[in-house]
Amino acid sequence: MKIAIRTVLVLSMCGVLAGPALAQDFPVTIAHAYGQTTIEAQPERVATWAWGNTDAVLSLGVKPVAIPFISYGGGDNGIHPWAEEALDAMGGEMPAILAEGDEPPYEQILAADPDIIIAAYSGITEEQYERLSQIAPTIAYQGAAWSAPWQDVTRTVGQALGLAKEAETLVAETEQFVADTVAQHEGLAGTTFIGLNDYDGSLAIYAGLDSRVKFLTDLGLTYAPSLDALGGDDENFYFSVSYENADQLVSDILVSYYENQSDSDAFFAEPYIARLPQTQAGAYASIVGIEQVAAVSPPSALSLRWELEDYVAQLAAAAEKAE
């Protein structure tokens with residue numbers, strides 16, 4: 001089922017530009033954290049930087065000339081499997097792969113000769129933005145770094161590429177796919193959740209700004225009210241809770257993300273987690289595997305089709321066991 005859905009998605013997205021593109025007037029001006037960027041004409045050579053931007057470009061049927069190497073879930077070639085499937089379906093020459101790092105590889109990007117650089121989901125600094133802008137018009141993030149929902153990233157990229165209407169269609173179709181997938185599982189809506197992992201001697205609780213939390217609420221789940229008293233808010237990615245206070249983590253289900261099963265098993269076997277009612281009832285969803293975690297951290301229109309059905313099924317199975 002997943003393979004069939006992936007194939008349909010790739011073929012449909014690669015066909016977005018197969019017919020005449022819908023007209024969009026240029027120049028286009030896009031506001032972001034560091035001001036505004038004006039794009040004088042429809043871009044033809046697109047470079048992407050940071051997580052998720054490649055997905056957004058590919059989902060609109062555009063092949064970038066340069067994309068970043070992604071070590072987390074990207075395999076030996078640094079390309080997530082859902083992005084690789086889209087590129088394979090498009091055919092032709094593969095994009096240049098940019099060296100991974102905190103600093104963009106300016107010389108590599110310059111060599112790719114882009115006429116736009118997309119970093120709409122990123123944490124680039126103002127200095128980095130200025131340097132990138134000397135190469136080509138650059139789209140930085142809006143709001144807080146690393147926080148834009150996939151819908152906003154898709155719309156921003158669509159506007160920058162002259163495909164605003166196509167982006168709206170893509171968002172609507174993907175949101176309907178999400179809604180249809182959730183609707184297959186009764187009782188998931190309204191389930192309270194806590195996203196957590198073990199980190200640096202305490203529990204790391206995912207907070208309101210985290211993309212995983214935002215997406216879980218998009219699915220109809222509810223951020224556990226018990227977190228308000230523990231420091232949860234919408235201004236941070238996570239906050240710490242001591243092991244001694246683990247019993248204050250009241251929710252219907254727990255959600256965690258681990259690269260391998262042994263680490264997940266070890267976490268839920270720790271006394272401070274094992275004694276929680278959610279754990280004892282089996283009311284927890286542990287998303288295991290680098291690619292599986294990457295697909296929803298954050299999600300994109302591409303990765304959602306690749307992983308959503310399994311993800312929602314795990315959440316629903318946890319919700320069924322909630323006390």
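With which residue does R155 form a salt bridge whose closest N and O atoms are 3.0 Å apart? The partner is E168. This is a predicted model, in which local features need pLDDT of at least 70, side-chain atom pairs count only at pLDDT 80 or more, and totals for chains, interfaces and linings use all residues. Residues are numbered from 1 along each chain as its sequence is written, and side-chain values use heavy atoms, with hydrogens and water left out.

**Salt bridges**

- The whole structure holds 3 salt bridges, each defined as a side-chain nitrogen of Lys or Arg within 4 Å of a carboxyl oxygen of Asp or Glu.
- R155 pairs with E168; R155 lies in helix 6 and E168 in helix 7 (residues 164-183), so this contact ties together parts that are 13 residues apart in sequence.
- R155 also bridges to D152, with the closest N and O atoms 3.9 Å apart.
- Because D152 and R155 are 3 residues apart in helix 6, about one helical turn separates them.
- D210 and R212 form a salt bridge with a closest N to O distance of 3.0 Å.
- Through shared partners, salt bridges join D152, R155 and E168 into one network.

**Accessibility of the bridging residues**

- Buried means under 20% relative accessible area, exposed means over 50%, and partly exposed lies in between (1.4 Å probe, protein chains only).
- R155 is partly exposed at 30% relative accessibility, as are D152 at 36% and E168 at 40%.
- D210 is buried, with a relative accessible area of 4%, and R212 is likewise buried at 17%.

**Helix 6**

- Helices are DSSP runs (H or I, at least four residues), as are strands (E, at least two), numbered from the N terminus.
- Helix 6 spans residues 150-160 and is mostly covered, with 8 of its 11 residues buried.
- Among the buried residues of helix 6 are W150, V153, V157 and A160.
- Just after helix 6, G162 adopts a positive phi of about 75 degrees.

**Negative surface patch**

- E100, D102, E103 and E127 gather on the surface in a patch of negative charge.
- Patches are made of residues with over 30% relative accessible area and no salt bridge, like charges being joined within 9 Å and nonpolar side chains (Val, Leu, Ile, Met, Phe, Trp, Tyr) within 5 Å.
- Asp and Glu count as negative, Lys and Arg as positive, and His and the chain ends are not counted.
- E103 lies in the loop between strand 5 (96-98) and helix 4 (106-111), and E103 counts as partly exposed at 40% relative accessibility.

Key. Areas by Shrake-Rupley, 256 points an atom, 1.4 Å probe, with all protein chains shown as cover. Charge placed at Lys NZ, Arg CZ, Asp CG, Glu CD.
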